[in-house]
Every structure is written in C-alpha cells, then in structure tokens.
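Dear colleague,

Please find below the structure that I promised to pass on, followed by my notes on what was found in it. I would be glad if you read the notes with the model open beside them.

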Amino acid sequence: MPIPDDVTGDEIDKDVRQELMSLPKTLAEDVARNLVMVARLIDEDPEEAYAYSRIALRLASRVAAVREAAGFAAYATQKYSEALAEFRAARRMTGSVELWPVMADCERGLGRPEKALAMAGEPEVQKLDKAGQVEMRLVAAGARRDMGQIDAAIVTLQSSELASHSVQPWTARLRYAYADALLEVGREDEAREWFGKALEADKDGSTDASDRLAELDGVEFVDVLDEEADTAGTAHTAEADDETGSAPEGRDEQDGPAAGPAAN
C-alpha cells in the first residue's frame with residue numbers, strides 16, 4: 001500500500017523505535033512507516049489502518065509493538081477475536097499487564113461478558129496504573145450492562161475517581177458512562193447532572209455529552225444549510241408571486257424549483 005513521502009517513520013514513539021532496532025535498518029524503516037500510518041488512520045479510517053497493520057505484521061511479527069498495533073487496528077474494526085490474539089501475543093512478549101482492560105473488552109465484543117467480569121477480578125488489575133484501573137472499571141460496568149445487571153453497573157462506576165473534582169484524561173468518559181447508566185434506570189435528573197459534568201471535563205470531544213443533554217432538554221438541532229435552503233426557496237417563491245401574482249389555485253408553493261445549485 002502507498003505511504004506518503006512525508007512519512008519517514010521517525011514520527012513513532014521512541015520506545016517503539018527502540019524495539020525496531022532489532023531489525024535490519026531498511027526493514028525497520030518500512031515497519032515504522034506502516035505503524036505511523038496505522039496511528040494516523042485508526043480513528044478516521046480504521047479499515048485502512050487495519051490494512052497497514054497487516055503489512056507491518058507480515059514484516060515484523062516478532063516485535064511486540066507491531067503485535068499491539070495490529071491488535072488495536074483489529075479492535076477498531078471490531079475483529080475482536082483477532083484483536084485478542086494479537087494482544088495476548090504482545091503481552092507474552094513484554095510481560096506487561098497494560099493491555100488487560102482492552103483484552104477484557106474484546107471478551108465483551110465476543111459476547112462473553114462473564115469472562116470480562118472475571119478478568120476485572122484478577123490480580124493483574126492491581127498492577128495497572130490509575131488510568132488502566134479506570135479503564136478496567138468501565139469495562140466491568142459495560143459487562144454488567146451486557147448481562148442486564150444495570151444497578152450493579154451503576155455501583156461499579158461509583159468510585160473515588162468518579163467523585164473527584166480533578167479532571168483527568170478518563171474523567172469525561174467515566175462521568176458519561178455513569179450518566180448513561182443512570183438514564184437507563186430512569187434517574188433522569190441525576191443523568192442530566194452527570195452528562196453536564198462529563199461535558200465540563202470533555203476538552204477534546206471524546207463523548208457526545210452535549211447532544212445527550214440537548215436530547216434530555218428536548219432541544220432539536222436544525223441543519224443550518226437546510227434552513228438556508230428553505231429560506232432561499234421561500235424568498236424565490238415570494239419574488240415569483242410579486243411578478244406573476246399568487247400561486248395558481250391548487251398548486252402548492254413548494255412545487256417550485258429547489259433553491260441552490262440543483263436549480264441551475
């Protein structure tokens with residue numbers, strides 16, 4: 001697959017670059033450039049990112065960072081079985097527990113929430129950093145909801161991290177998940193409050209908390225372009241009426257030509 005000339009491979013994380021030093025120089029550069037493409041595309045075009053990850057995997061399957069990248073690309077395209085296999089391989093290579101939450105979420109994706117919940121109680125969770133533990137809590141709550149245990153999901157999300165006023169990278173998603181669970185059991189006022197708190201913490205737009213708040217408040221969004229088209233159409237009809245009189249009897253005024261390029 002083609003890679004833009006401006007992608008050199010130097011853009012990758014220094015730890016990954018260190019891992020690739022075990023490869024011949026040219027091969028390392030090729031792998032690095034493919035990994036850069038995975039990182040660039042995984043949010044906007046996960047299928048394309050997945051294709052680049054498969055190339056990197058074919059070139060360097062014994063590099064943990066490559067297996068991890070392949071896992072995340074598969075995860076982004078909902079290929080959960082494949083993602084889980086890649087994450088397990090990366091974990092065997094590194095011995096790290098960092099991927100434990102996303103591995104558990106793969107179990108959810110495979111329709112095995114009980115397995116995900118069991119993983120939330122394993123000793124590996126205690127070895128995770130704070131961010132990892134919050135991710136594990138989110139996965140566990142999701143597993144509870146998968147199993148129809150919504151009240152248990154709410155309790156799972158209640159934590160010191162949820163109660164904290166400090167804003168961390170995970171804060172918006174944690175508050176959002178809590179609000180969503182509250183809404184599911186009909187606690188609408190509390191849900192509105194927590195969607196608001198999620199929005200306050202959501203500096204990079206990682207949730208749709210603003211839309212959920214608007215829905216709760218009964219606000220309907222109008223497409224500005226459609227509104228402008230309707231206004232232009234009304235103005236056009238009014239001008240025609242001024243020139244030729246009112247619209248002929250029995251003919252709806254909306255039958256006139258559409259405003260904008262389509263009328264040209």
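Helices (H or I, at least four residues) and strands (E, at least two) are DSSP runs, numbered from the N terminus.

Residues are numbered from 1 along each chain as its sequence is written, and side-chain values use heavy atoms, with hydrogens and water left out.

The pLDDT, which is the predictor's confidence in each residue from 0 to 100, averages 86 over the protein, and 83% of the residues score at least 70. Over residues 237-264, however, pLDDT stays under 50, and the model has 12 contacts (heavy atoms within 4.5 Å) beyond four places in sequence for them. Where pLDDT is low, the predicted coordinates should not be read in detail.

Of the 264 residues, 38% count as buried, where buried means under 20% relative accessible area, exposed over 50% and partly exposed in between (1.4 Å probe, protein chains only). Helix H6 (residues 100-109) is mostly covered, with eight of its 10 residues buried; among them are Trp-100, Met-103 and Cys-106. The buried residues of H6 pack against helices H4 (64-76), H5 (80-94), H7 (113-120) and H8 (130-146).

In the loop between H4 and H5 lies Gln-78, a residue other than glycine whose phi is positive, near 65°. Gln-78 counts as exposed, at 58% relative accessibility.

Rings of Phe, Tyr and Trp (its six-membered ring) pair if their centres lie within 6.5 Å, and planes under 30 degrees apart count as stacked, over 60 as edge-to-face and the rest as tilted. By this rule there are four aromatic pairs. One of them, edge-to-face, joins Phe-72 and Phe-87, at 4.9 Å centre to centre and 70° between the planes; Phe-72 is in helix H4 and Phe-87 in helix H5, 15 residues apart. Phe-72 is partly exposed at 31% relative accessibility, whereas Phe-87 is buried at 0%. The rings of Tyr-178 and Trp-194 have their centres 5.1 Å apart and their planes at 90°, so this pair is edge-to-face too. Tyr-178 and Trp-194 are both buried.

With best regards

Terms used:
This is a predicted model: local features need pLDDT of at least 70, side-chain atom pairs count only at pLDDT 80 or more; totals for chains, interfaces and linings use all residues.
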